[in-house]
Amino acid sequence: MKPFFAGLLYISFITLSCQPDVDSTTTSMLVDENATAETRALFNNLNQMRLEYILFGAQDALAYGVHWKREPGRSDAMDVAGSHPAVYGWEIGHIEHGNEVNLDGVRFSEMIGWIKEGYERGGVITISWHADNPVSGGSAWDTTPAVSSILPGGKHHSMFNEWLDRVGEFLRQLQSDNGEMIPVIFRPWHEMNGSWFWWGRELCSPEEFHRLYRYTVKYLRDHLEINHLLYAYSPDRFSDEEDYLERYPGDKYVDILGYDDYGSLICAERRDVFVRQLETVVRIAEERNKIPALTESGFNALPDSTWYTQVYLPGLLATDVTRRIAYAQVWRNANAKTDHPNHFYVPYKGHPAASDFIQFRNHPVILFEDDLPLRLYD
Ligand code: BMA
């Protein structure tokens, strides 16, 4: 072989075989190349830890639960299993109007406090945004077409920018006592492959959706210079890779590849369907050096008292591939005032599924907040 080609081969061998240290790889991989050190650390640590563990998350866990509201230090998970979840989901719907309270009655000023507490204890924060319909003024579930009207050139574009300004103002307040910006997995425009939200499949084209997602990222990151976000893409259930990726805005705009699944997780008989989807998400994420996650899940009102150990856990741990997700989150325990609560995902004190939930929490792969082996932000 001529020395020139041998040299070239040698160089490419070095390039391929030298693994740069994790930090420099991920710095260039993140959506935000100016992401704060804590945000980069969160990405790196989740990416390493997912090979061994799955973090358990729940929505609104610290704000209220079944039969209680706004009690310091409390969550239904804590009541039943002795620890808060490791991942805290929060929701900022109605921040776009500058309201003081979100669409589920949670005061934003208090939410900021709970986010700080969770972060200080080492938990992970993720935020969704069920924004109202910008055209009709109805809710996120009002399917009046609206996406093209908020994109550049659209009639409601400047109003949309104001909405993003308010999102930014809120995110800027997420600061720890020592001044660190609290990293957030931001999950806007989720379940976009269904048609129940105004940004859904039948309400805008894939291109319009791409533009919406990219515009949101660029506005927050480049215009508002918010650098403490990881961005999550989370469709609802899907049939295959092509379906999953139909509205994917591109590797430059997404850090976490997730999906939301309630329907294929309610009984063991559907496990194959669940496993096929979760494996697809993991594979697509790993091919792109992204982090896979089960961004929403659960069995509403837990009619099966062994669901956590007999359906959920075996689904998450079904194969070497499914268990490589970083976290799995369930939805909220609405603050029921009646004796017949009908919207909750974590068993509350006295519920028949409580002991099963403790077994789930004790599984060595599943991490709650007090199981976290390291601070995820260093
Ligand atoms: C839904 C339900 C609603 C809630 C919404 C946003 O799944 O829990 O009650 O308003 O999420 O949090």
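Trainee: Why is arginine 276 called partly exposed?

Mentor: The term rests on relative accessible area, where buried means under 20%, exposed means over 50% and partly exposed is what lies in between, with a 1.4 Å probe and protein chains only. Arginine 276 has a relative accessible area of 47%, so it is called partly exposed. The model is a predicted one, in which local features need pLDDT of at least 70 and side-chain atom pairs count only at pLDDT 80 or more, whereas totals for chains, interfaces and linings use all residues. Residues are numbered from 1 along each chain as its sequence is written, and side-chain values use heavy atoms, with hydrogens and water left out.

Trainee: In which helix is arginine 276 found, and how far is it from aspartate 240 in space?

Mentor: Arginine 276 belongs to helix α10, residues 271-287, a helix being a DSSP run of H or I with at least four residues and a strand a run of E with at least two, numbered from the N terminus. From C-alpha to C-alpha, arginine 276 and aspartate 240 are 8.5 Å apart, although 36 residues separate them in sequence.

Trainee: What makes leucine 229 count as buried?

Mentor: Leucine 229 has 1% relative accessibility, and therefore counts as buried. This leucine is in strand β7, residues 229-233, and its C-alpha atom is 7.8 Å from that of aspartate 32, which is 197 residues away along the chain.

Trainee: Why does asparagine 193 count as buried, and what does its side chain reach at 3.0 Å?

Mentor: Asparagine 193 is at 11% relative accessibility, so it counts as buried, and its place is in the loop between β6 (184-188) and α8 (206-223). Its side chain reaches the backbone oxygen of arginine 237 at 3.0 Å, and a polar atom of that side chain also lies 2.7 Å from the backbone nitrogen of aspartate 236. Both pairs can be set against the rule for a polar contact, which is a pair of N or O atoms within 3.5 Å; within protein, one must be able to donate a hydrogen and the other to accept it, and residues adjacent in sequence count only if both atoms are side-chain atoms.

Trainee: What makes serine 149 buried?

Mentor: Its relative accessible area is 14%, and so serine 149 is called buried. Serine 149 sits in helix α6, residues 147-150, and its side chain reaches the backbone oxygen of alanine 146 at 3.0 Å.

Trainee: What is the phi of histidine 67, and why point it out?

Mentor: Histidine 67 has a positive phi of about 75° and is not a glycine. Such a value is pointed out because most residues other than glycine have a negative phi. Histidine 67 lies in the loop between β2 and β3 (68-69) and, with a relative accessible area of 46%, is partly exposed. Alanine 301 also has a positive phi, near 70°; its place is in the loop between β9 (291-297) and α11 (307-316), and at 24% relative accessibility it counts as partly exposed.

Trainee: Which residues are around the ligand, and how do they divide by class?

Mentor: Around the ligand are Glu91, Asp104, His130, Trp141, Trp331, Arg332 and His343, where a residue is near a molecule if one of its heavy atoms lies within 4 Å of it. They divide into 2 nonpolar, 2 polar and 3 charged, since Ala, Val, Leu, Ile, Met, Phe, Trp, Tyr, Cys and Pro count as nonpolar, Asp, Glu, Lys and Arg as charged, and the others, Gly among them, as polar.

Trainee: Which polar side-chain atom lies 2.5 Å from an oxygen atom of the ligand?

Mentor: That atom belongs to aspartate 104. A polar side-chain atom of histidine 343 is 2.7 Å from a ligand oxygen, and one of tryptophan 331 is 3.0 Å from a ligand oxygen. On its own the ligand has 310 Å² of accessible area, of which the protein covers 73%, with areas from the Shrake-Rupley method with a 1.4 Å probe.
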